[in-house]
Amino acid sequence: MRVMETKNYQELSALAADLIGAQLLLKPRCVLGLATGSTPIGAYQRLVEGYRAGRLDFSQVRTVNLDEYCGLSGEHPQSYRYFMEQHLFSQVNILRENTHLPNGAAPDPEEESRRYEALVESMGGVDLQLLGIGRNGHIGFNEPGDSFPPVVHPVELTESTILANSRLFDRVEDVPTKAVTMGIGTILKARKILLLAGADKRAILEEALTGKVTPWVPASVLQLHGDVTVITCREG
Ligand code: PGA
């Protein structure tokens with residue numbers, strides 16, 4: 001595992017975008033696993049700048065996101081599809097049909113999970129998976145629990161995650177209580193993993209990287225993966 005520490009969030013974002021940009025050069029038709037949340041926004045911004053400057057080409061890139069809320073369609077401003085449109089997809093030359101997230105409006109989350117797992121597999125797996133980390137150590141929406149979920153599955157969100165995400169909704173009651181997420185097994189199959197953790201995540205990051213590997217700290221499982229890069233920063 002490579003752990004890189006930058007001075008601040010701007011540098012973290014620039015470095016993350018450089019690594020993702022390098023993946024695009026290495027394999028223009030790569031499969032990028034993408035993440036939502038506050039942490040990757042700066043990296044997406046830098047990727048958009050790279051595209052506008054003519055350095056990056058997304059025309060062949062295919063993407064699969066980690067997760068999506070259940071009950072929100074892609075047009076809902078708090079859906080993860082909407083987030084991706086806003087921060088990346090609408091601003092670069094990626095083809096919409098090459099971008100994938102679980103369908104939050106699917107009537108049967110179990111069936112949608114099976115479809116999404118099969119989709120990731122049919123794309124030949126993920127070349128580079130971008131991850132954030134929750135304050136409780138979650139990756140995707142794999143919350144602490146007594147086992148590592150192997151495949152894409154529906155989850156009930158924990159109270160702490162609902163509370164953390166409520167900052168983006170008008171009222172905490174509006175936050176969906178369910179999501180569909182890649183499983184830990186799905187995530188571990190990625191050939192490379194890039195985990196971004198801002199200064200506010202240092203305590204849980206340290207626990208995940210140096211503590212015991214346990215599903216009670218889902219990100220700790222990354223200690224078992226052969227190609228993980230972590231970028232963190234000293235200050236916000
Ligand atoms: P954040 O979320 O980037 O908004 O802090 C990360 C996560 O919960 O996975």
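Me: How far does a polar side-chain atom of Arg167 lie from an oxygen atom of the ligand?

Reply: The model is predicted, with local features requiring pLDDT of at least 70, side-chain atom pairs pLDDT 80 or more, and totals for chains, interfaces and linings using all residues. Residues are numbered from 1 along each chain as its sequence is written, and side-chain values use heavy atoms, without hydrogens and water. A polar contact is a pair of N or O atoms within 3.5 Å. For Arg167 and the ligand oxygen, the separation is 3.1 Å.

Me: What share of the area that the ligand exposes alone does the protein bury?

Reply: Accessible areas come from the Shrake-Rupley method with a 1.4 Å probe. Taken alone, the ligand exposes 280 Å², and the share buried by the protein is 80%.

Me: Which residue has a side-chain N or O atom 2.4 Å from an oxygen atom of the ligand?

Reply: A polar backbone atom of Ser38 is 2.8 Å from a ligand oxygen. The side-chain atom at 2.4 Å from a ligand oxygen belongs to Thr39.

Me: Which residues surround the ligand?

Reply: A residue is near a molecule if one of its heavy atoms lies within 4 Å of it. The surrounding residues are Gly37, Ser38, Thr39, Gly132, Ile133, Gly134, His138, Arg167 and Lys201.

Me: Is Cys70 buried or exposed?

Reply: Buried means under 20% relative accessible area, exposed over 50%, and partly exposed in between, with a 1.4 Å probe and protein chains only. Cys30 has 0% relative accessibility and counts as buried. Because its relative accessibility is 16%, Cys70 is likewise classed as buried.

Methods. A polar contact is a pair of N or O atoms within 3.5 Å; within protein, one must be able to donate a hydrogen and the other to accept it, and residues adjacent in sequence count only if both atoms are side-chain atoms.
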